[in-house]
Amino acid sequence: MLITPGLLTLEQLQRIHASVTLLELDPTYRDGIRASAALVQAAADGDAPVYGVNTGFGKLANQRISKAQLATLQLNLIRSHSVGVGEPLAAPIVRLMLATKAASLARGHSGVREVVVDTLLAVHNAGLVPHVPSQGSVGASGDLAPLAHMTLALLGEGEMWVDGQRMAAADALARAGIAPLTLGPKEGLALINGTQTSAALALHGLFIFEPVLEAALLVGALSVEAARGSDGPFDPRIHALRGQPGQIDVARYYRALLAGSAIRESHATGDDRVQDPYSLRCQPQVVGACLDQLRHASRILLIEANAVTDNPLVFAKDGVMVSGGNFHAEPVALAADGMALAIAEVGAIAERRIAMLIDSSVSRLPPFLTADAGLHSGFMIMHVTAASLASENKSLAHPASVDSLPTSANQEDHVSMATFAARRLQAMVSNTAHILAIEWLAAAQGIDFLRPLTSSAPLELLHAALRADIPRMDHDRYFGPDIAHATEMVRSGAISSIFRTLPGLPALWTAI
């Protein structure tokens, strides 16, 4: 894949996230890299103080460093900042970090040499995964600790993961035939200043939620069928009057999913219910609003993945270096907070649909979806599990961006907390996937009670996909494996093809 700095697409980022894809830098950018590196070298050779080149860092910016110590300055920066803790970041996240850092530096405004960009790409292409602890960044002055761990591995001093095995970075580099990087002026600072960790974490959250959201649309439609709900709330005229694009698209998805249902036709007349519960009829309004938030986040994250976010920035054509604050990850923090709300709401409305399905007074299905309630508890406690996960998501959805704490002796007095804002999305996606798996089990059970009536073609495929491995619940049994298997199908995208092959519908993220 040819990397064109500043022009990475969301589809390219998804490919990098999904697997090791050989990356090659667009050669037309090499002149710009060389020009900015020459300007930094000139500053290092001169006598004027230049932040990050011949001065200390952060609160120590007023400390001058001698020319003889400039290489040690950069090495010490990486060593001292490699202080992250916690579980290591997953390989897909680290691949995005390597690729987006390379693309950012290659735009020619960071003052690094070509070898820095080439080493980042070589490590990625060799399938090496630097060991990067997941905790320790506040998302300002860059994702300093995680990017320092990534850089330490490039220097041959840290650790890497190779085929699932953790080893010394020096050994991993040697086995791959990659020379350890030696840092020049400003290069350590350029490598750890930036938002590549928080942005990669947020992109990871976006990408892993995509099949879960597709499952939410499918399963939500199946619940409409199981409860013999109306398709009137999906009438395009309703949504056109409001004009919210996500709402319009979600209603369109539901019309396609429900078209041709015999279940729907069976109660088109003679049904005395006037309106369905909100969890059924307001799905376009709720999930559509979530879709709009996620699409907005995808725009912000795509911009960030293409951005130059270190400091100071080099403008070789003008012959100057300018200090600023592009390393502040507030855009990522706010985008991740919006994503968290959307993910929580998708799970919350799904939990309400489960509650509706097990309540015979609303769904008109057997109590707790079991034919012999009392002797059998049916879906009673599966709903409790879903409720606990929805509640957990509520706590996790608290905005991280408002929890700034000053660091670096108040030099860095407002920070974004973007890294945690993005990291917590993984747990929220997992919780929501579990909730949807339980809803899928419940909705399929509801459909079984309506047989021999059939649903629409895509929803029959959805029902059959579940029943291929999980039988109808005729009596209480050990349900844990059923939930686990259904959750894996939701998360893996095993049922996404049912949604994606619906003709003439906009895709989720490419509809932006």
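What follows is a short chat about this predicted model.

Colleague: Let's start with charges. How many salt bridges does the structure hold?
Modeller: There are 20 salt bridges in it.

Colleague: Nice. Which residue does Glu114 form a salt bridge with?
Modeller: With Arg30, and the closest N and O atoms of that pair are 2.9 Å apart. Glu114 belongs to helix H5 (residues 114-125) and Arg30 to helix H2 (residues 30-45), so this pair links parts that lie 84 residues apart in sequence.

Colleague: And what do the side chains of Arg30 and Asp118 do?
Modeller: They meet in a salt bridge as well, at 2.8 Å from N to O. Since Arg30 is in helix H2 and Asp118 in helix H5, the pair ties together parts that are 88 residues apart in sequence.

Colleague: What is the relative accessible area of Asp118?
Modeller: Asp118 has a relative accessible area of 30%, so Asp118 is partly exposed.

Colleague: Moving on, where does Arg79 find its salt bridge partner?
Modeller: At Glu157: the two side chains meet with an N to O distance of 2.7 Å. Arg79 lies in helix H3 (residues 70-81), while Glu157 is in the loop between helix H6 (144-154) and strand S6 (159-162), so the bridge ties together parts 78 residues apart in sequence.

Colleague: Why do those two count as partly exposed?
Modeller: Arg79 counts as partly exposed because its relative accessibility is 43%. For Glu157 the value is 39%, which falls in the partly exposed class too.

Colleague: Okay, new topic: helix packing. How do the axes of H14 and H15 cross?
Modeller: Helix H14 (residues 283-305) and helix H15 (residues 330-358) have axes that come within 9 Å and cross at roughly 155 degrees. Angles over 145 degrees count as roughly antiparallel, and H14 and H15 are therefore roughly antiparallel to each other.

Colleague: Is that crossing left-handed or right-handed?
Modeller: The H14 and H15 crossing is left-handed.

Colleague: Last one, the surface. Which residues make the nonpolar patch?
Modeller: Met380, Ile381 and Val384 make a nonpolar surface patch of about 250 Å². Met380 lies in helix H17 (residues 380-396).

Colleague: So is Met380 exposed or partly exposed?
Modeller: Partly exposed, because its relative accessibility is 32%.

Conventions. Residues numbered from 1 in each chain as written. Predicted model: local features only at pLDDT ≥ 70, side-chain atom pairs only at ≥ 80, totals over all residues. Heavy atoms only, no water. Patch = residues over 30% accessible without salt bridge, like charges linked within 9 Å, V, L, I, M, F, W, Y side chains within 5 Å. Areas by Shrake-Rupley, 256 points an atom, 1.4 Å probe, with all protein chains shown as cover. Salt bridge = Lys/Arg side-chain N within 4 Å of Asp/Glu carboxyl O. Helix = DSSP H or I, 4+ residues; strand = E, 2+ residues; numbered from the N terminus. Buried < 20%, exposed > 50% of the residue type's maximum accessible area, 1.4 Å probe, protein only. Axes fitted to C-alpha atoms, helices over the stretch in contact; angles between N-to-C directions. Parallel < 35°, antiparallel > 145°, perpendicular 65-115°, else oblique. Left-handed = near helix turned anticlockwise from the far one by under 90°.
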